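User: Hi! Could you walk me through this model? I'd like to start with a helix and then get to the interfaces.

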4 protein chains.
Amino acid sequence: MKRLLSVGSLPTGPYNDITDVPGVLVGHSTLIHDDIRTGVSAILPHSGNLFTHKVVASSYVANGFGKSIGLMQINECSTIETPILLTNTLSVGLVADGLVRTMVEANPGIGRTQATVNPIVCECNDGRLNDIQRMVCGEKEVREAILSATSPALQGSVGAGAGMICHGLKGGIGSSSREFLMDGKTYTLGVLVNSNFGHSKGKDLIIKGKTMESFISPIMSKGEEDKGSIIVVVATNVGLDAKSIERILKRVPIGIGRTGSYMGHGSGDVFLGFSTANIVTEDTPFRTITILNENYMNILFQSVVEAVEEAIYQSMIHSPAVKGYRTSVHSLTEWMNDLS
Amino acid sequence: MKRLLSVGSLPTGPYNDITDVPGVLVGHSTLIHDDIRTGVSAILPHSGNLFTHKVVASSYVANGFGKSIGLMQINECSTIETPILLTNTLSVGLVADGLVRTMVEANPGIGRTQATVNPIVCECNDGRLNDIQRMVCGEKEVREAILSATSPALQGSVGAGAGMICHGLKGGIGSSSREFLMDGKTYTLGVLVNSNFGHSKGKDLIIKGKTMESFISPIMSKGEEDKGSIIVVVATNVGLDAKSIERILKRVPIGIGRTGSYMGHGSGDVFLGFSTANIVTEDTPFRTITILNENYMNILFQSVVEAVEEAIYQSMIHSPAVKGYRTSVHSLTEWMNDLS
Amino acid sequence: MKRLLSVGSLPTGPYNDITDVPGVLVGHSTLIHDDIRTGVSAILPHSGNLFTHKVVASSYVANGFGKSIGLMQINECSTIETPILLTNTLSVGLVADGLVRTMVEANPGIGRTQATVNPIVCECNDGRLNDIQRMVCGEKEVREAILSATSPALQGSVGAGAGMICHGLKGGIGSSSREFLMDGKTYTLGVLVNSNFGHSKGKDLIIKGKTMESFISPIMSKGEEDKGSIIVVVATNVGLDAKSIERILKRVPIGIGRTGSYMGHGSGDVFLGFSTANIVTEDTPFRTITILNENYMNILFQSVVEAVEEAIYQSMIHSPAVKGYRTSVHSLTEWMNDLS
Amino acid sequence: MKRLLSVGSLPTGPYNDITDVPGVLVGHSTLIHDDIRTGVSAILPHSGNLFTHKVVASSYVANGFGKSIGLMQINECSTIETPILLTNTLSVGLVADGLVRTMVEANPGIGRTQATVNPIVCECNDGRLNDIQRMVCGEKEVREAILSATSPALQGSVGAGAGMICHGLKGGIGSSSREFLMDGKTYTLGVLVNSNFGHSKGKDLIIKGKTMESFISPIMSKGEEDKGSIIVVVATNVGLDAKSIERILKRVPIGIGRTGSYMGHGSGDVFLGFSTANIVTEDTPFRTITILNENYMNILFQSVVEAVEEAIYQSMIHSPAVKGYRTSVHSLTEWMNDLS
C-alpha cells in the first residue's frame with residue numbers, strides 16, 4: 001500500500017488502518033444533501049456480541065470540552081460493551097438512543113433479566129459544514145453504520161467525518177496502524193481519528209515537521225483560534241489491563257501536537273482504547289489472562305504516537321475540498337507537491 | 001417544618017430541601033400506568049438562562065457503573081449550562097435529545113452562532129418497577145419537568161423517583177438542607193438525591209445508626225446484593241471554585257454509607273455540585289469573584305454529610321409502598337414506630 | 001479471639017488483623033521519652049525481596065492535605081516495591097532516606113545496574129503529643145520497624161501510632177480482617193489504620209451507630225475542628241488488578257465516616273491497597289495472572305467497610321490514656337461500659 | 001537577547017526565562033567532583049515568606065514513574081508553600097528534610113502553633129553521570145540553592161541539571177518565556193525544565209521539526225530506550241485558579257513531544273504550575289480574586305507549548321559535553337551548524 005505521508009520508523013499493518021487489528025471493523029452512514037453534511041461512524045472491536053463478550057478498555061480526556069458519552073462506565077468497569085459510535089455534537093442523544101435499541105434487539109434481556117447497557121457515542125461539532133441544529137442522525141444511521149462495517153476502513157469525508165474541518169482544511173476519518181514483534185509474535189496497534197481541530201486559517205499546521213502556514217494561510221479567508229475536537233480510538237491485540245491502555249492514551253496528545261495543535265480550549269480531545277485480547281465474560285469469579293509487563297510498553301507508546309500523527313494526515317489526504325452549510329474548505333491534497 | 005428523621009446538629013433551611021438555596025427550583029414529570037413507573041426530574045440552578053449565565057460546578061464519581069452524561073465538560077469547564085435532569089437508564093438518549101431541543105429553542109444561536117450545549121442527564125435503573133425497555137421518557141417529559149419547577153421541591157415517588165427501590169424499600173426523590181453562618185451572613189447548602197441503592201432485602205439498612213435488618217428482612221421475599229444507583233445533587237450559595245465543590249462531593253459517600261451502603265459494584269454513585277454565587281458569563285477576559293478559603297470548608301463538609309443522610313431518609317419516608325412491573329416494594333413508613 | 005467492638009456480619013481471620021493475609025507482617029519502632037512520642041511502623045506485603053518481587057497495588061486519596069510520598073509511582077506502575085512505612089509528618093524525609101538505604105543494602109544494584117527505588121512513607125501529624133519539630137525518626141527506626149515485623153500485628157500506641165489522637169481520645173495503630181469464600185476457597189482482606197482524625201472534643205464520635213458526644217464531651221477541655229489524618233492500608237490475597245484495588249479503596253471513607261468523621265479539611269486521608277497474588281517480576285514480556293471478575297467485588301467492598309470501622313475502634317481500644325508534649329488525652333476504654 | 005533556537009511566534013520576556021515572571025527567582029547548588037555530578041535547584045515563586053503567602057498551584061503527572069513529593073497536597077489545597085526543589089532521585093529524602101528545616105527556621109511555629117509544611121521536591125535520575133547511591137545532596141545544598149536564587153536563571157549543567165542526559169546528549173536546566181497582551185496589559189508565562197529524557201542514542205531527537213538521528217546516531221556508542229525523566233515548572237502572573245493551571249500543564253506533553261519524545265515507560269514526566277497573582281493567606285473566610293475566563297486560555301496554551309519546546313533546547317545548548325561516573329555524553333552544540 002502506498003503511503004503518501006508516512007510517519008516514523010515502525011512498519012504498518014497490511015491496510016495501514018485500525019482494522020489491521022484482527023477482528024476490528026469500521027462502518028459509516030453518511031448524510032450529504034442540502035445543508036446537511038454529517039453522519040455516523042462505527043468502530044466494532046469485534047464482530048460478535050459485544051454485550052456478552054466485552055473488550056478491556058480505558059479512556060483518557062485530554063480536553064473535556066465535549067459531549068461524548070459512555071466514558072464513565074468504561075473507566076469504572078474497564079470494558080466496552082457496544083460498538084463505539086462517532087457523530088455530531090447535537091445528535092449524541094438520538095444516536096445513543098438508536099444504539100441502545102440495536103443492543104436491546106440483539107440482547108432482549110437488557111434491562112429486564114440482564115443489566116442495562118452502556119452506549120458509547122463520541123462527537124465533534126460539524127456546525128460549519130452542516131446545519132447541526134437539524135439533528136438528523138438517529139437509529140437508522142446507527143444501524144447503517146454498524147451493518148456496513150468492513151475491513152479495510154473507509155476514510156475521509158465519510159460517516160461522522162463528513163463535516164469535519166482540520167487546521168482549516170477538510171478533515172474527517174483517518175486511520176493508521178503499526179506492527180511490532182513481541183516474544184516472537186507479531187502484534188498490531190491501530191488508530192482511528194475523527195479530525196476537527198486546529199486553527200481555522202491553518203496557521204499552526206505542521207506536516208512531518210514542516211510548518212505549512214506560508215503555503216496555506218494566503219488563500220484562507222478568515223481566522224479563528226484552535227477549536228473543534230478530535231476523537232481518537234486506539235485498538236490493539238496485545239493483552240493489556242485498563243491501566244496500561246490509559247497509559248497509551250496519554251501519549252496521544254504528542255501525535256496530535258506534532259501536527260501543530262496545542263489542544264485549544266474549545267476542543268474536545270477525547271481518546272478511547274481497547275485490547276481485543278482477554279475478552280471479558282464474567283461468568284466465573286476468576287479469570288486467567290495474559291498481559292504485557294509495563295517494562296515492555298515503549299513499543300506501544302511509539303506506535304501510538306506515530307499512528308496518531310499519520311492518521312491525522314490520512315484524514316486530510318482522503319478528504320477533498322467541499323462547500324458546506326456556512327463555509328467552504330480546501331483540501332490538503334492541493335499542497336501535496338509542497339510536501340515532498 | 002416537622003422532621004420525621006432528623007440528622008446531625010446543624011439547622012435546616014425553611015423547607016429542608018435543596019430549594020432553600022436561593023434561586024434553585026425542582027420539577028418533575030411522572031409517568032405511572034400499566035407497566036410504566038418512571039419519569040424525569042429537573043433541578044434548575046436558577047430560573048434564568050443557564051446557557052448564557054452558567055453556574056460554577058463540579059462532579060465526582062464514587063462508582064461509575066452508570067450512564068449519566070455531561071460530566072466530562074463540567075469537569076473541564078467547571079460550569080453547568082443546562083438544568084440537571086434525572087431519568088431512567090435507557091431513556092438518557094431521548095431525554096438528552098429533548099433537553100438539547102429546549103435549550104436550542106431558548107438560545108437559537110446554539111450550534112450556529114454560539115457554541116453547542118452540554119446536556120446533563122443522570123440516571124438510575126428503575127427496571128424492577130418499570131418496563132425500562134419501553135423508553136417512554138423524552139422531549140415532552142423534559143419540558144414538563146422543567147416547566148413545573150417549584151420551591152419547595154416535591155419528594156418521593158415523583159419524576160425520576162417513581163420507580164426507585166432503596167434498601168429493598170420504596171425509594172425516590174429526597175432532599176434536605178443545612179444553614180450556617182459565615183462572616184456574619186447565613187448561607188445554605190442543599191442536597192437532592194434519587195435513591196435506588198442498597199441490598200434488596202434491606203439487609204444493610206441503617207437508620208440513624210440503628211441496624212434495621214431484624215425489622216425489615218423477615219417480610220422481604222428474596223435477596224440481591226447492593227445494586228442500583230444513587231444520584232446526588234448538591235447546591236450552595238457559598239462562593240466556591242470547582243475544586244472546592246469537588247471536595248464537598250467527595251464527602252457524599254459518608255452520608256450514603258451511614259444509611260448502610262457500601263457502594264456495591266452494580267451501583268452508579270454519581271454526584272454533581274454547583275454554587276449559585278459567581279455566575280459565569282465569560283464576556284470579558286477577566287472576572288472578579290469572591291470565594292471561600294479552604295480553611296473554612298469544614299462547615300460545608302459537615303452539612304453535606306448530614307444532608308445526604310437525611311435526604312435519603314426523606315426519599316423513603318415520602319414514598320408509599322407500590323406494586324410495579326416486576327415486583328412489589330414496602331415503604332419505610334411501615335416501620336416508623338420502630339424508629340422512635 | 002475476643003472482639004470488644006465487633007462490626008458487621010463477616011467473620012474475621014484468626015488474628016483479626018492485617019497479618020491474617022498470608023505473608024503480611026507488621027513491625028514498629030516506638031520512641032517515647034521527654035517531649036517525644038512518635039515512631040515508625042512498617043507493613044511488609046511479604047517477607048521476601050519486595051524490590052525484585054513487587055506486589056500489585058493502588059492508592060486513593062480521599063483528602064490530600066498530607067505529605068505521604070511514593071503514591072505517584074504506585075499509580076503509574078501499579079506496584080509497591082518497598083515496605084510501607086508510617087511516621088510523623090516532619091520525619092517523612094529522613095524516614096524515606098532511611099528506607100532507600102535499607103533497600104540499597106539489600107539490592108546493591110539500585111541506581112547503578114538496576115532502576116532506582118520508590119520509597120513509600122505515609123504520615124500523620126502527632127504534634128500535640130510529640131515535639132514534631134525535633135524530627136527524631138530516621139534510618140535507625142526504619143530498620144527497627146522492618147526487622148521487628150511479626151504476625152499478629154502489635155496495635156495501639158506503638159510505632160507511628162505513639163502520638164495519635166482520634167476523636168479527641170488516644171488513637172494509633174488498629175487492625176482488623178475479614179474472611180470470605182470465593183470459588184470454594186477462603187480468602188482474606190485485612191486493614192491497618194493509623195488513626196489521628198476527628199473533632200478534638202470527641203463531638204462527632206460514633207461507636208457502632210451510637211453518638212458518643214454526651215458521654216465524652218463533658219470531660220474534654222477544649223474544642224477544635226475535625227483535623228489530623230488517617231492512613232489506611234488494605235491487603236488481600238485475592239487476585240486483583242490495580243483498578244479493582246482502587247475501587248476497594250474508594251469505599252474506605254464509608255468505614256471512616258461510620259465512626260463519625262466527615263473527613264475534615266485539615267486531615268490527610270490517604271489509602272493504600274495491595275494484593276499478594278500475582279507477584280510482579282517483569283522478567284518476560286508477558287505474564288499470566290488470575291484476577292477476580294468485577295461482578296464479584298461486593299464481598300470485598302463489604303469487607304473493607306466493616307474492617308476499616310473495626311480497625312479504628314481497635315486503634316482506640318488498644319491505646320491507653322497518655323500525657324504528652326502539649327496535651328493529655330483520655331482513652332476510649334474509659335467508656336467501655338457505656339458501649340455494651 | 002540572542003535566541004539560538006527560537007520556537008513559535010510569540011515574543012519572549014526580557015531574559016527568555018522563567019524569571020521574566022515578576023518575582024520568580026531560580027538558584028542552584030552544584031556538586032561536581034570525583035564520581036559526583038549532581039545538585040539541587042530551587043525555583044522561588046516569590047522572594048517573600050511562601051509559607052504565609054502561598055501561591056495558587058496545580059500539578060499534572062504525564063508519566064508517574066518517578067519519586068517527586070509534595071504533589072498530593074498541591075492538588076488538594078491548590079497552593080504551593082515552599083520553594084520548588086529539584087534534585088536526584090535518591091536524594092529526595094534528605095533534600096525534603098533540609099527543606100523542612102529551612103522552612104521551620106523561617107517559621108518557628110510550624111508543627112507547633114501552625115500547621116506542618118508540605119515540602120516540594122522533584123527528581124530526575126542522574127545515575128549515569130553521578131554515583132547516585134552516594135546521596136550527597138541535603139540541607140546544605142538546599143540552603144545554597146535557595147539563597148543563591150537570582151534573575152535571570154542560570155541554565156545548563158547547574159544544580160539538579162549537573163548530571164542530566166537528554167536524547168543521549170548533555171541535558172540539564174533550561175528555561176524560556178512568552179509574553180502576551182490581555183485586556184491591554186502585558187503578561188508573562190515562563191517555563192523551567194530539568195531535561196533527562198529521550199533515547200540514549202539520540203534516535204528520536206527532533207530539533208524544530210528536523211529529525212536529528214542521521215547526524216547524531218553515528219557517533220553514539222550504544223542504545224537504550226526512552227527513559228529518564230523531565231520535570232517542568234510553569235509560572236505565570238495571569239490570575240488563574242488551580243483547575244486552569246492544570247489545563248495548561250496538560251499541554252506540556254506536546255512541547256516535549258515536539259523534541260522527539262513519546263514519554264517512555266521509564267520516564268517520570270512531572271509538571272508543576274503556579275500563578276503569582278492572588279496570593280493566598282486564608283486569614284479571612286472569603287477572599288476576592290481576579291481570574292481569567294476559560295474562553296481566553298488559548299494564548300496560555302500556545303505559550304506553554306512553545307516555551308517547553310524551547311526550554312528543552314535551551315537546556316541542551318547551555319550544557320557542554322562531559323565525562324561522568326559511568327559514561328561520557330556529547331553536547332548538542334556540536335551540531336549547531338547542522339541546525340541553521
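Analyst: Happy to. In helix 3 (residues 139-147) of chain D, the buried residues are E141(D), V142(D), A145(D) and I146(D). Buried means under 20% relative accessible area, exposed over 50%, and partly exposed in between, with a 1.4 Å probe and protein chains only. Helices (H or I, at least four residues) and strands (E, at least two) are DSSP runs, numbered from the N terminus.

User: How do the buried residues fall, seen down the axis of helix 3 of chain D?

Analyst: They fall within an arc of 130°, so they line one face of helix 3 of chain D. The arc is that of the directions from the helix axis to the C-beta atoms.

User: And which exposed residues are on the face turned away?

Analyst: K140(D) and L147(D) are the exposed residues carried there, on the face of helix 3 of chain D turned away from its buried side.

User: What covers the buried residues of that helix 3 of chain D?

Analyst: The cover includes strand 1 (25-33), strand 2 (36-44), strand 5 (84-88) and helix 2 (92-106) of chain D.

User: Before we go on, what should I know about the model and the numbering?

Analyst: This is a predicted model: local features need pLDDT of at least 70, side-chain atom pairs count only at pLDDT 80 or more, and totals for chains, interfaces and linings use all residues. Residues are numbered from 1 along each chain as its sequence is written, chains are lettered from A and ligands numbered from 1 in the order in which they are written, and side-chain values use heavy atoms, with hydrogens and water left out.

User: Thanks! Now the interfaces. How many residues of chain A and chain B are in contact?

Analyst: 42 residues of chain A are in contact with 42 residues of chain B, where contact means heavy atoms within 4.5 Å. Between them, chain A and chain B bury about 3500 Å², 57% of it on carbon and sulfur atoms. Buried area is the accessible area (1.4 Å probe) that two parts lose on being put together, summed over both.

User: Which residues of chain A lose the most area to chain B?

Analyst: M72(A), R112(A) and Q133(A), which together make up 21% of what that side buries.

User: How many salt bridges are there across the interface of chain A and chain B?

Analyst: The rule finds 2 salt bridges there. A salt bridge is a side-chain nitrogen of Lys or Arg within 4 Å of a carboxyl oxygen of Asp or Glu. D131(A) forms a salt bridge with R112(B), with the closest N and O atoms 2.8 Å apart.

User: Which elements give two or more residues to that side of chain A?

Analyst: Strand 3 (54-64), helix 1 (71-77) and helix 2 (92-106) of chain A do. Helix 2 of chain A gives the most, with 7 residues.

User: Now chain B and chain C. How much area do they bury?

Analyst: About 2500 Å² between them, 44% of it on carbon and sulfur atoms. Y262(B), H265(B) and N298(B) supply 28% of the area that chain B buries against chain C, more than any other three residues. The salt bridge count between chain B and chain C is 0.
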